[in-house]
Number of protein chains: 2
Amino acid sequence: MNNFDYCNPVRIVFGKGQISQLPNLLPKSAKVLMTYGGGSIKSNGVYDQVKAALKDYDVVEFGGIEPNPQYSTLMKAVEIVKSEKIDFLLSVGGGSTLDGTKFIAAAAKYTGEDPWDILAKGAPVVDAVPLGCVITLPATGSEMNCLAVISKKETTEKLAFGSPAVFPKFSIIDPTVTFSLPLRQVANGIADTFVHVIEQYVTHPQNTPLQDRQAEALLLALIDEAPKVFKDPQNYDVRANLFWMATQALNGWLNVGVVQCWATHNIGHELTAQLGIDHGRSLALVLPGVWRSQRKEKGEKIAQLGRRVFGITEPDLDKAVDATIDATRNFFASLGIKATKAEYGVTDEVVQAIAKLIDSRGVKFGDRQNIDGAKIVEIMSLCD
Amino acid sequence: MNNFDYCNPVRIVFGKGQISQLPNLLPKSAKVLMTYGGGSIKSNGVYDQVKAALKDYDVVEFGGIEPNPQYSTLMKAVEIVKSEKIDFLLSVGGGSTLDGTKFIAAAAKYTGEDPWDILAKGAPVVDAVPLGCVITLPATGSEMNCLAVISKKETTEKLAFGSPAVFPKFSIIDPTVTFSLPLRQVANGIADTFVHVIEQYVTHPQNTPLQDRQAEALLLALIDEAPKVFKDPQNYDVRANLFWMATQALNGWLNVGVVQCWATHNIGHELTAQLGIDHGRSLALVLPGVWRSQRKEKGEKIAQLGRRVFGITEPDLDKAVDATIDATRNFFASLGIKATKAEYGVTDEVVQAIAKLIDSRGVKFGDRQNIDGAKIVEIMSLCD
């Protein structure tokens, strides 16, 4: 096991009716900027619950944060934080709103020239406006980590940053707010949760049996629970279980002491930046290509996944790998996710453009940092 | 799933050579009380490593904290904290030293009349001297929780308390310090880890598939890894894996949203208070009795444990329960732990005395809070 340093101070307030806890969680007399997205919180009752809980607070609102939150939008909120002397940011929405809010928090305290450098150049975030959230979508795990992914339309970039300064002080997870989610978003969230676990687990054997078993625990539970939400969308326990899985898939717990491989996310982000593909769907599309391309490096872990999670009994390693890739694709299909390039308009031209972009940035992806533009072309040729 | 409120802010600094990180973890210019136990840290090199790392700090030492740390001993340290104006407590040792240090931290700031009320009457702990630890024994999980168990010889009591105020600010886990542990203590720690998971998992079905799978993940990994430490005690990865399992077995992760049953620990503590039985061994002795006595309530979860962890395929519920109890006893036996009453001098008189004591305190144990003195007598009659 590699050495590690782990601290996750996020307070999770989980369950029915917990939005009413807001006055017990926010600092007294804070001036709050409430951030949200396209307005779905106004139709599902969450906005009203939050406003009722905040009745004794001075609240400024900032709506309209997009899926794949845009730098230009977020910078408008940064201006408000400064001009209104905001003390606390409250994100009310899904992972995009929360990721955007983390960036607002960091950018408002950034002392360098251009806050985009936080994303493009890894400029360190040493301070941030404190933030909390009411999270409404089980997917990104942003509610219990210090990571965020931000997009810039003008340059077709979608980049990530992380800093302990942007850990939410608290995250309220009320599974009842997910009852009204479109099932397409539910499916995307399940795919995202699944691939979050995979990126921390399917690398190469590292003699970390607990981390392996914990990753498998999450996948086993997810695969069991996923079909239930489509059959019985109003079942509270199913919604609660799926939300708790999404939160735990990316709170840093599974990856302590191990080498990770985020190639599927890295390539998926590029596809989303180019074509606007839903994040979860981009992952479902790319993952089989990554595995087929890295069959030699990842074969043992892919087969372990197949045997321990999908119940594959095939003794031959190569055949077990194939069976696991099929089982994974079938799982995505069971969510109603079509994972073919044609479905999303991923042409050779788009792939070539991404490959060129990655090489021009001088970055490489994967646990061995050996996936360059040419490898991305190979991976994308092996996706369908 | 039940509603829950979870926050565990402990920073874990894990791996080889991490004791040297102490100056980066302690507050600058803190006056430190370094607490430890019977002196094994002086023979295994840990004391010297800590002293070297603390060379620029003002350090007062307090050694001699016993296994099952004694109230009277700890109160001497409380006096030192006050008279020496100590800012920070650094526990260097196993779970007993750390539990004792948590009590010192709380008692030094306690404003009521008698700090024993924290244990005997559940008097709230609202403040504590900040503390951190170098943990040297994989067992209690105290390094990542806010719990402590303290004993009082004079009244044969062994009682627990918990408060967020006594979360360690950091815990250094260097698995190499466990190379020199007597194998008897290693076995005790594995039994303790096993039963910590069990007390959070073997209750009744609660439709919490992730928590179930996570408990099973830890048990599967523990059962796989345990034999290796006896065959190859100098294997770093094995030591690291076992330590990380012990830490995670009781950091609050497994029990969010679920009802727990701590009957085995509660009864085990009484046996230790009466007879001085090693904590891990007391648990191995009591657990089969609890399960046999609560076969009706716990049968489904016991069988689930058997099927998912021990590979039991018996379809009949009752027979699966019996097979799981046998498998669990065999696991303890594989650690060299003898789990019979005769082995530890647990006579009928001792059991009757405990039963009387529990009834006189007016407490009841178990997830249904229905285990009274008479039930304890029944449980102990079913142990062997």
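A:Arg361 is partly exposed, at 28% relative accessible area, where partly exposed is the range between buried (under 20%) and exposed (over 50%), using a 1.4 Å probe and protein chains only. Its salt-bridge partner A:Glu270 sits at 2% and is buried, with 2.9 Å between the closest N and O atoms of the pair. A salt bridge here is a side-chain nitrogen of Lys or Arg within 4 Å of a carboxyl oxygen of Asp or Glu.

Keep in mind that this is a predicted model, with local features needing pLDDT of at least 70 and side-chain atom pairs counting only at pLDDT 80 or more, while totals for chains, interfaces and linings use all residues. Residues are numbered from 1 along each chain as written, chains are lettered from A and ligands numbered from 1 in written order, and side-chain values use heavy atoms, without hydrogens and water.

**Chain A overall**

- Chain A has 16 helices and 8 strands; these are DSSP runs numbered from the N terminus, helices being H or I with at least four residues and strands E with at least two.
- Along the principal axes, the C-alpha atoms of chain A fill a box of roughly 65 × 45 × 45 Å.
- Of the 384 residues in chain A, 61% are buried.
- Take the contacts (heavy atoms within 4.5 Å) in chain A with a separation of 6 or more: 77% of them join residues 24 or more positions apart.

**Salt bridges**

- Side chains of opposite charge can pair when their charged atoms come close.
- Over all chains, the count is 35 salt bridges.
- A:Lys121 pairs with A:Asp117 at 3.9 Å between the closest N and O atoms; A:Lys121 is exposed at 65%, whereas A:Asp117 is buried at 17%.
- A:Asp224 bridges to B:Arg213, with the closest N and O atoms 3.6 Å apart. This pair crosses between chains, from helix H8 (residues 209-231) of chain A to helix H8 (residues 209-231) of chain B.
- In that pair, A:Asp224 is partly exposed at 41% relative accessibility, and B:Arg213 is buried at 16%.
- A salt-bridge network links A:Asp224, B:Arg213, B:Glu216 and B:Arg308.

- B:Asp192, in helix H7 (residues 183-201) of chain B, is buried but has no salt bridge.
- The nearest side chain of opposite charge to B:Asp192 is B:Lys158, 8.3 Å away; Lys and Arg count as positive and Asp and Glu as negative, with His and the chain ends not counted.
- Setting aside neighbours within four places in sequence, the contacts of B:Asp192 include B:His265, B:His279 and B:Leu283.

**Positive phi outside glycine**

- B:Ser29 has phi near 55°, lies in the loop between helix H1 (22-25) and strand E2 (31-35) of chain B, and is exposed at 70% relative accessibility.
- B:Asn68 has phi near 50°, lies in the loop between strand E3 (58-62) and helix H4 (71-83) of chain B, and is partly exposed at 22%.
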